Amino acid sequence: MVYGYSVDIIISKHAKERIKTYDLIEKTVIESIKNPDHVSEGHSGTLIAHKSVNEHLLRIVYEKEENRIKVITVYPAKKGRYLKRK
């Protein structure tokens, strides 16, 4: 369930390569989309889910359609770059 309803989550070939490159776990990516710490708007109608994972911020760029989410890319980033400290 994402946004309160059932949707398919499709991970692109590129995103799968990034998951492998950064030694991430696909299940973590999916759970981060389902329960993000924050979601922001990206370019060209994309959305970016942010999830704190250890010392990094996992950023997942995706497109949301009616009953489907397509993950475009995923990468870990430094928390200080994208999160404002309070």
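User: In which strand does Lys 51 lie?

Analyst: This is a predicted model, in which local features need pLDDT of at least 70, side-chain atom pairs count only at pLDDT 80 or more, and totals for chains, interfaces and linings use all residues. Residues are numbered from 1 along each chain as its sequence is written, and side-chain values use heavy atoms, with hydrogens and water left out. Strands (E, at least two residues) and helices (H or I, at least four) are DSSP runs numbered from the N terminus. On that basis, Lys 51 lies in strand S3.

User: How many bridges join S2 to S3?

Analyst: Two strands pair if DSSP finds at least two bridges between them. Strand S2 (residues 38-41) and strand S3 (residues 47-53) run antiparallel, and His 38 stands opposite His 50 in S3. The two strands form a hairpin with five residues between them, where Ser 44 in the turn has a positive phi of about 55°. The number of bridges joining S2 to S3 is four.

User: Which residue in the turn between S3 and S4 has a positive phi?

Analyst: S3 pairs with strand S4 (residues 56-64) in the antiparallel sense over seven bridges. In this pairing, Leu 47 stands opposite Tyr 62 in S4. Two residues separate the strands of this hairpin, and the one in the turn with a positive phi, of about 55°, is Asn 54.

User: Do S1 and S5 pair in the parallel or the antiparallel sense?

Analyst: S5 has pairings with both S4 and S1. With S4, the pairing is antiparallel over nine bridges; Val 61 stands opposite Thr 73 in S5, and the hairpin has three residues between its strands. Strand S1 (residues 8-11) meets strand S5 (residues 68-78) over four bridges, with Ile 10 opposite Lys 70 in S5. The sense of the S1 and S5 pairing is parallel.

User: Which element of the chain has the lowest mean pLDDT?

Analyst: pLDDT is the predictor's confidence in each residue, from 0 to 100. The chain has a mean of 88, and 88% of its residues reach 70 or more. Among the elements, helix H1 (residues 13-21) has the highest mean, 97. The lowest, 72, belongs to residues 79-82, helix H3.
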